[in-house]
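Welcome! Let us walk through this structure together, one contact at a time. Please keep the sequence and the 3D view side by side as you read.

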Amino acid sequence: QVQLVESGGGLVQPGGSLRLSCAASGNIFIIFASNWYRQAPGKERELVAGIVRGKSPNYADSVKGRFTISRDNAKNTVYLQMNSLKPEDTAVYYCNAAVQPMGTPHTYDYWGQGTQVTVSS
């Protein structure tokens, strides 16, 4: 079993910064890809940023130049540094990972429980 636990959400003023963390634990052999999604009230969940092992990260147009995704493979942790935050960034942010557990050749999709980010003055 694999668990993803997010942290770092909260209330911040427009123009401020937050850093989200997502720590993976459990029966992990390798994490192939890590992603951050978000879902605002009344809207569909959208991909914010993603990083595939050995490749460059990708970003939604709405966050390019403001958000940075990074990974610490030794800690099985992915981060989302969010700068110049706007009220429209308000959402629940979810961590997602494609993981191959030990003892199996298959890759499975896992999700965290979500962390609330609110950008408001």
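This is a predicted model: local features need pLDDT of at least 70, side-chain atom pairs count only at pLDDT 80 or more; totals for chains, interfaces and linings use all residues.

Residues are numbered from 1 along each chain as its sequence is written, and side-chain values use heavy atoms, with hydrogens and water left out.

Stay with Asn96 for a moment. Its side chain also reaches the backbone oxygen of Tyr110, at 3.2 Å. Asn96 is placed in strand E9; helices (H or I, at least four residues) and strands (E, at least two) are DSSP runs, numbered from the N terminus. Is Asn96 buried or exposed? Its relative accessibility is 3%, so Asn96 counts as buried. The classes are these: buried means under 20% relative accessible area, exposed over 50%, and partly exposed in between (1.4 Å probe, protein chains only).

Which residues does Asn96 touch, not counting those up to four places away in sequence? They are Leu4, Ala33, Ser34, Asn35, Tyr37, Asp109, Tyr110 and Trp111, where contact means heavy atoms within 4.5 Å. Take Ser34 from that list: Asn96 and Ser34 are 62 residues apart in sequence, yet 5.8 Å apart in space, C-alpha to C-alpha.

A search of the whole structure finds one aromatic pair. The rings of Tyr37 and Trp111 have centres 5.0 Å apart and planes at 55°, so this pair is tilted. For such a pair, rings of Phe, Tyr and Trp (its six-membered ring) must have centres within 6.5 Å; planes under 30 degrees apart count as stacked, over 60 as edge-to-face and the rest as tilted. Because Tyr37 lies in strand E4 (residues 28-39) and Trp111 in strand E10 (residues 108-111), the pair ties together parts that are 74 residues apart in sequence. Tyr37 is partly exposed, with a relative accessible area of 21%, and Trp111 is partly exposed with 36%.

Arg45 lies over the face of Trp111, at 4.8 Å from the ring centre. The charged end of Arg45 also sits over the ring of Tyr94, 3.8 Å from its centre. A charge sits over a ring if NZ of Lys or CZ of Arg is within 6 Å of the ring centre and within 35 degrees of the ring normal.

One disulfide is found in a search of the whole structure, and it joins Cys22 to Cys95, with 2.0 Å from S to S. Distant parts of the chain are linked by this pair: Cys22 is in strand E3 (residues 18-26) and Cys95 in strand E9 (residues 91-101), 73 residues apart. The link of Cys22 and Cys95 is left-handed, with -80° about the S-S bond. Cys22 counts as buried at 2% relative accessibility, and Cys95 counts as buried at 1%.

Technical notes: A disulfide is a pair of cysteine sulfur atoms within 2.5 Å. A polar contact is a pair of N or O atoms within 3.5 Å; within protein, one must be able to donate a hydrogen and the other to accept it, and residues adjacent in sequence count only if both atoms are side-chain atoms.
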